[in-house]
Amino acid sequence: MSRLLFDHDSRLAYKKVMPIFTNIYDNLDAPNQIRLPHYTKNEDLMTLRSVLRDIRALSSSVNKNLVDLENELIEQAAELGNNDAIAMLAFEAIGSPDTTKEDYEHANKLIKELQDVKHPLVFKLAGDFAFSKGHHEQAAQYWNQFLELEDDSIISSHVYTSLGMYHFNYTASPNLTKSREYFEKAVKFGELDTTIVKAHFYLGQLYSLTDPVRSRYHLEISASKGLQESFPSLGFLELNVFDNAAKAIEWFKLGVEGNNDITCLVGQFDAHMKTKNFKKASSILANLTDLKQKLDALAKRQFKTVPEAFKTHAETNHALLAIFFDTRKEVIRKLTSS
């Protein structure tokens, strides 16, 4: 805890922090009974909330009581006038279906007031909210307004990532140059959290053709943090660009073990064929054939028996397998006839 407080440049030391945590935690069911120590400032509460968020990320677990504590820290900070907390609660209110008409109008009033005084976070949150509603261009406008006010912080690194993804995926014609510039700024100013891991992954994709060494560097960072999409990209990079089939197989293996990734299964097949390990290639082929037969049966019923949450995934895998068996037709014929 002391180290995290130091990392977050906390104004308060451990001995002064614990009474705040304890008082709020003990009164989560009765917030009106919370009595904060006299030395507590609104920015202290937001720092403590960030510390708890880091603990959650480091432990890769979610404790309901600690999440409730995080939320109450924001509530208390808002009551003490913290604009970040006010902005967060206002957007939470307008995004909730349970918000009353009066609360909704009050939340919008607060957002307008924060925009008028050019409070940075309100523009970042407005962009996130617009994006969640499918208004991608409007979201980009809000994010750029945020960057005009704050362009070199951890929060700005998240905004750079969002803008990078916007120009990569959501414009009429992708602007890969802009996308790369935003992702580069994201990794420059950010810490290695889940958002910046995605920035590294996208940079790996963007550099895959022009600078394979740099591509591998970024993909290895995202893979080291467990981003599953990195494994097939790294595997094919090692196999087809660096001619390192052994290394490729290791990446493909991680993808199969971690997420049953069909692309990684295909990669394993290609790598084993390249190293002339026909026994293992045949084993992988049998697995892919079995999967295709099962997905063919589901496709005949238009995937109606597949739960909606998994339907797109099943259709994608079916298409991938169709491409595999079509493009490796001659290789498979030679393998099965030998």
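Okay, let's start with Phe269. Setting aside neighbours within four places in sequence, Phe269 is in contact with Ala281, Ile284, Leu285, Leu288, Phe324, Arg328, Val331, Ile332 and Leu335. Before I go on, keep in mind that what you see here is a predicted model.

So where does Phe269 belong? It sits in the largest nonpolar core, which has 90 residues. Leu73, Phe269, Leu288 and Phe324 are the members that touch the most other members. And look back at the contacts of Phe269: Leu288 and Phe324 are both among them. Which helix gives the most to this core? That's helix H5, residues 83-95, with 9 residues. As a general point, nonpolar side chains in soluble globular proteins tend to be buried together.

Next, His272, which you'll find in helix H15. Is His272 buried or exposed? It's buried, because its relative accessible area is 6%, and the cut-off for buried is under 20%. Leaving out residues up to four places away in sequence, His272 touches Ile249, Asn277, Lys280, Ala281 and Ile284.

Ile249 takes us over to helix H14, where it's one of the buried residues. H14 covers residues 245-259, so 15 residues, and it reaches 21 Å from its first C-alpha to its last, close to the 21 Å expected at 1.5 Å a residue. Along with Ile249, the buried residues are Ala245, Ala248, Trp251, Phe252, Gly255 and Val256. Why do we say they line one face? Looking down the axis of H14, they fall within an arc of 165 degrees, so they line one face of the helix. What do they pack against? Helix H12 (212-224), helix H13 (230-240) and helix H15 (262-274). Turned away from that buried side, you've got the exposed residues Ala246 and Glu257. And just after H14, Asn260 takes a positive phi of about 50 degrees.

Last stop, the largest pocket. Its volume is about 1500 Å³, and 33 residues line it. Which lie nearest the centre? Arg53, Asp54, Ile154, His158 and Asp193. Helix H3 (42-59) gives the most to the lining, with 10 residues. The helices that each supply at least two lining residues are H1 (2-7), H3, H5, H7 (120-132), H9 (154-169) and H11 (194-206).

Technical notes:
Residues are numbered from 1 along each chain as its sequence is written. This is a predicted model: local features need pLDDT of at least 70, side-chain atom pairs count only at pLDDT 80 or more; totals for chains, interfaces and linings use all residues. Side-chain values use heavy atoms; hydrogens and water are left out. Helices (H or I, at least four residues) and strands (E, at least two) are DSSP runs, numbered from the N terminus. The expected span of a helix is 1.5 Å times one less than its number of residues. Buried means under 20% relative accessible area, exposed over 50%, partly exposed in between (1.4 Å probe, protein chains only). The arc is that of the directions from the helix axis to the C-beta atoms. Contact means heavy atoms within 4.5 Å. A nonpolar core is a set of buried Ala, Val, Leu, Ile, Met, Phe, Trp, Tyr and Cys residues joined through side-chain atoms within 4.5 Å. On a 1 Å grid over the protein atoms alone, a cavity is a set of points where a 1.4 Å probe fits but cannot get out, and a pocket is an open set with protein on both sides within 12 Å along at least five of seven lines; lining residues have an atom within 4 Å of a point. Grid points are joined across faces, edges and corners, and a volume is the space filled by probe spheres set on the points.
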